[in-house]
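Keep the sequence and the 3D view open side by side.

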Amino acid sequence: MKQLIAMTGLGLGALFTAQAHADYSVAIAGPMTGAYASAGEQIKRGAELAVADINAKGGVLGQKLKLEIGDDACDPKQAVSVANAMVNKKIVFMHGHWCSSSTIPASDIYNEAQIPMVTVSTNPQVTERGLKNIFRIMGRDDQQGGIAGAYIASHFAGKKVAVIDDKSAYGKGLADEMAKGLQAKGMKPALRESITAGEKDYSGLVSKLKAAGVQVLAFGGYHTEVALILRQAKQAGMKLTVMGGDTMSNNELVTAAGGNADSVMFTFAPDARSNPAAAEVVKEFRKAKVEPDGYVLYAYAAMQLFQQAATQAKSVKYGDLQKALASGTFNTVVGKLSFDAKGNLKAPGFVVYQWKGNKYEMVK
């Protein structure tokens with residue numbers, strides 16, 4: 001210690017003051033690489049601008065935020081490694097992960113380390129395990145799946161529908177809920193199958209769809225697989241309409257689907273870009289040549305949640321933050337947010353969108 005003080009020229013009081021005023025480390029985690037990296041990029045852009053804006057206004061409780069970024073590539077084992085690394089970095093807040101299959105195991109680690117986390121993962125099990133550290137700022141699959149199923153039943157009556165999932169926690173959970181939504185409206189799926197995500201050849205599935213006369217595909221999974229299925233269906237002479245969930249909001253689908261994206265519909269929260277509270281931030285993103293679609297504004301809102309909760313609690317200690325998040329109402333770029341006893345969003349909303357050209361538009 002004497003050597004350190006001599007080297008730095010600091011007395012003990014000054015040294016401890018410097019330590020006390022270290023930055024607060026906050027973090028995001030998601031697929032920064034891999035098949036779903038475009039979603040990770042959305043999260044990164046949203047969080048980076050939020051942290052920059054918060055720091056420009058004086059930070060949180062007088063201290064600046066330092067953003068840590070974790071890449072789980074939507075792999076559960078990698079997500080656990082990321083979570084342990086973030087605990088070692090002594091983060092005080094996590095926004096992540098993105099894939100439900102990553103969020104579920106990672107959240108156990110954050111919970112044990114007493115780190116609050118905010119997520120957009122939609123699988124019901126994210127908040128059904130009794131963890132007190134997790135808060136969901138998106139609705140659940142048992143909500144969006146029911147809406148998607150009901151929409152198909154009312155708008156595609158008499159058509160043959162297949163329900164397909166990619167075996168992931170998110171994909172299978174969503175597909176099961178869409179199937180329930182269809183059946184609740186008296187529509188029985190003509191085909192119920194699973195695929196393996198990451199494959200390049202779905203011609204076997206396409207052959208089954210064609211043989212069953214399927215016209216509408218209710219898909220639980222990610223945009224990368226939908227793009228391939230649509231391309232291969234077109235090659236087989238099939239015209240498919242796809243209904244998916246919130247991950248279909250990714251504009252990478254437009255290019256990857258090879259001109260077939262206009263046949264994709266999906267459920268997602270009401271478009272935050274039209275929220276008056278987001279107007280200045282949206283302008284800021286567009287000035288930087290970033291279109292704040294998909295999850296961009298949700299990542300921004302997650303950092304706003306942390307800033308407001310810490311300000312209300314006058315603390316970044318876990319117990320204080322957890323209590324503030326659990327009981328507060330927060331004004332964010334995606335609207336007013338508050339949570340129920342399980343950490344679910346109190347007033348979730350899902351609407352139906354359809355891709356038209358290079359943007360999606362609400363149809364319901």
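Start with F156. At 17% relative accessibility, F156 counts as buried, because buried means under 20% relative accessible area, with exposed over 50% and partly exposed in between (1.4 Å probe, protein chains only). F156 sits in the loop between α6 (141-155) and β6 (161-165). Helices (H or I, at least four residues) and strands (E, at least two) are DSSP runs, numbered from the N terminus.

Before going on, note the ground rules. This is a predicted model, in which local features need pLDDT of at least 70, side-chain atom pairs count only at pLDDT 80 or more, and totals for chains, interfaces and linings use all residues. Residues are numbered from 1 along each chain as its sequence is written, and side-chain values use heavy atoms, with hydrogens and water left out.

What does F156 touch, leaving aside its neighbours within four places in sequence? The contacts of F156 are Y151, M187, V216, T241 and M265. Contact here means heavy atoms within 4.5 Å. Look at V216 in particular. V216 is 60 residues from F156 along the chain, yet their C-alpha atoms are separated by 7.9 Å.

Now step into helix α6, where Q144 is found. Q144 is buried, with a relative accessible area of 0%. Beyond four places in sequence, Q144 is in contact with T122, Y170, L174, G245, D246, T267 and F350.

Is Q42 buried or exposed? Its relative accessibility is 7%, so Q42 counts as buried. Past its neighbours within four places, Q42 contacts D293, G294, Y295 and V296. Helix α3 itself covers residues 37-56. At 1.5 Å a residue, its 20 residues should span 28 Å, and the end C-alpha atoms are 28 Å apart, which agrees. The expected span is 1.5 Å times one less than the number of residues. After α3 comes G58, with a positive phi near 105 degrees.

Helix α12 passes the span check too. K314 follows α12, and the phi of K314 is positive, near 55 degrees.

Next, find L337 in strand β12 (residues 335-337). L337 is buried, at a relative accessible area of 3%. Outside four places in sequence, its contacts are I137, L305, G328, T329, F330, T332 and L345. L337 and A347 are 10 residues apart in sequence, with 7.9 Å between their C-alpha atoms.

Finally, zoom out. The protein has 13 helices and 14 strands. Of its 364 residues, 54% count as buried. Residues 24 or more positions apart account for 67% of the contacts with a separation of 6 or more. How does the overall size compare with a compact globule? With 364 residues, such a globule would have a radius of gyration near 21 Å, and the protein has 22 Å, which agrees. That radius is taken over C-alpha atoms, and the globule rule is 2.2 Å times the number of residues to the power 0.38. Along the principal axes, the C-alpha atoms fill a box of roughly 80 × 40 × 35 Å.
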